[in-house]
Amino acid sequence: MSTPQPPQPNPYGQQPPAAPYGQQPPAAPYGQPGPYGPPQQPGQPGPYAQQPYPGGAPYPGWGGAPMGPPPKKRRVGMILGIVGGALAVVVVGIVAVAMLGSEVEKSFPEAEYKLTIPKTVLDGRYTLTQDLSDTQGKQIEDEADGAWDARDTKAAVGQYAATDPAKKNAGVVISGMYGRFKNTDLARKNMMQGAAKSDGAEVAVPAKDFKPAGSDVTITCQVLTKQQATIPMCAWADGNTGATVAEITPEIALQDPSDVDLDAAAATAAKIRSEIRKPIG
């Protein structure tokens, strides 16, 4: 019986290091045999051999999805069908807007009347001195451009002086527009407020509504004071025309505002309207 040989010492005189903290020695790399894994047959992968997989995980449930069949490609007809559907949605939206615009347009009255600046007004008592439609009137048109309750607007602005030379310093001022208008009651109110906001003007007698004999519209009048002068002014607005008018005489300018006859002023405005408002064509 032979005597067993003592184990050969480590060539470096050290024992193999133990796994830290009681851990097991590392396993051999996936798919490779090693001293800590079962022996492998040549040509066979190990139990942990990697396989191709989608999603970065080897098996379903490990954070990835199983590889399925490749997705079917959509036919061109299907894609163009989607494009056509999207176009239909846009077209329907445009048609709805167009129809809405058409309905809005229908809500405006037809253009049947216009305003003129004749040579004389109030049965010839006042004669035109300046037609300001192309100057101050242009400013009015620019301000009215794009107004949601007005269409096809044109301005008519004129200044008149007494025809009788003996009646110096008397005059009439007309500032108006014609076209197609809605909200005529609001328009009269706004005309009154606009005049009251002019530089140096103050409302001495608030706006009141009148219906002069023979008039088919309401006339709104108020009394302003400006530069110590009393100024009665009136306005009307219908579906086609709207204007403010003021007759100024030395007697009226020196009156106490509370003494101004606004009924007479409204009748004067109605008379001027009948003279400058004419059928189109």
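This is a predicted model: local features need pLDDT of at least 70, side-chain atom pairs count only at pLDDT 80 or more; totals for chains, interfaces and linings use all residues.
Residues are numbered from 1 along each chain as its sequence is written, and side-chain values use heavy atoms, leaving out hydrogens and water.

**View 1. The protein chain has 5 helices and 10 strands.** Helices (H or I, at least four residues) and strands (E, at least two) are DSSP runs, numbered from the N terminus. The protein chain holds 281 residues, and 28% of them are buried. Contact here means heavy atoms within 4.5 Å. Take the contacts between residues at least 6 apart in sequence: 64% of these join residues at least 24 apart.

**View 2. Leu-115 sits in strand 1, residues 113-115.** Is Leu-115 buried or exposed? Its relative accessible area is 5%, so Leu-115 is buried. Look next at Met-177, which is 62 residues away along the chain. The C-alpha atoms of Leu-115 and Met-177 are separated by 7.0 Å. Setting aside neighbours within four places in sequence, Leu-115 has several contacts, among them Ala-156, Tyr-178, Trp-236, Ala-243 and Ile-276. Arg-277 is another residue in contact with Leu-115.

**View 3. Arg-273 and Asp-216 meet in a salt bridge.** A salt bridge is a side-chain nitrogen of Lys or Arg within 4 Å of a carboxyl oxygen of Asp or Glu. By this rule the count is 10. For Arg-273 and Asp-216, the N to O distance is 2.9 Å. This pair links distant parts of the chain, 57 residues apart. Arg-273 lies in helix 5 (residues 262-276), while Asp-216 lies in the loop between strand 6 (201-210) and strand 7. Arg-273 has 8% relative accessibility, so it counts as buried. Asp-216 has 54%, so it counts as exposed.

**View 4. Asp-238 forms a salt bridge with Arg-277.** Their closest N and O atoms are 3.2 Å apart. Where do the partners lie? Asp-238 is in the loop between strand 8 and strand 9, and Arg-277 is in strand 10 (residues 277-279). The two are 39 residues apart, so this pair too links distant parts of the chain. Asp-238 is buried at 9% relative accessibility. Arg-277 is also buried, at 18%. A network of salt bridges links Asp-216, Asp-238, Arg-273 and Arg-277.

**View 5. Glu-275 and Lys-271 pair up within helix 5.** The closest N and O atoms of this salt bridge are 3.7 Å apart. The two residues are 4 apart in helix 5, which means about one helical turn separates them. Glu-275 is buried at 16% relative accessibility. Lys-271 is partly exposed at 31%.

**View 6. Asp-123 and Asp-152 each have a positive phi.** Most residues other than glycine have a negative phi. Asp-123 is not a glycine, yet its phi is about 55 degrees. Asp-123 lies in the loop between strand 2 (120-121) and strand 3 (126-131). With 63% relative accessibility, Asp-123 counts as exposed. The phi of Asp-152 is also positive, at about 55 degrees. Asp-152 has its place in strand 4. Asp-152 counts as exposed, at 54% relative accessibility.

Methods:
Buried means under 20% relative accessible area, exposed over 50%, partly exposed in between (1.4 Å probe, protein chains only).
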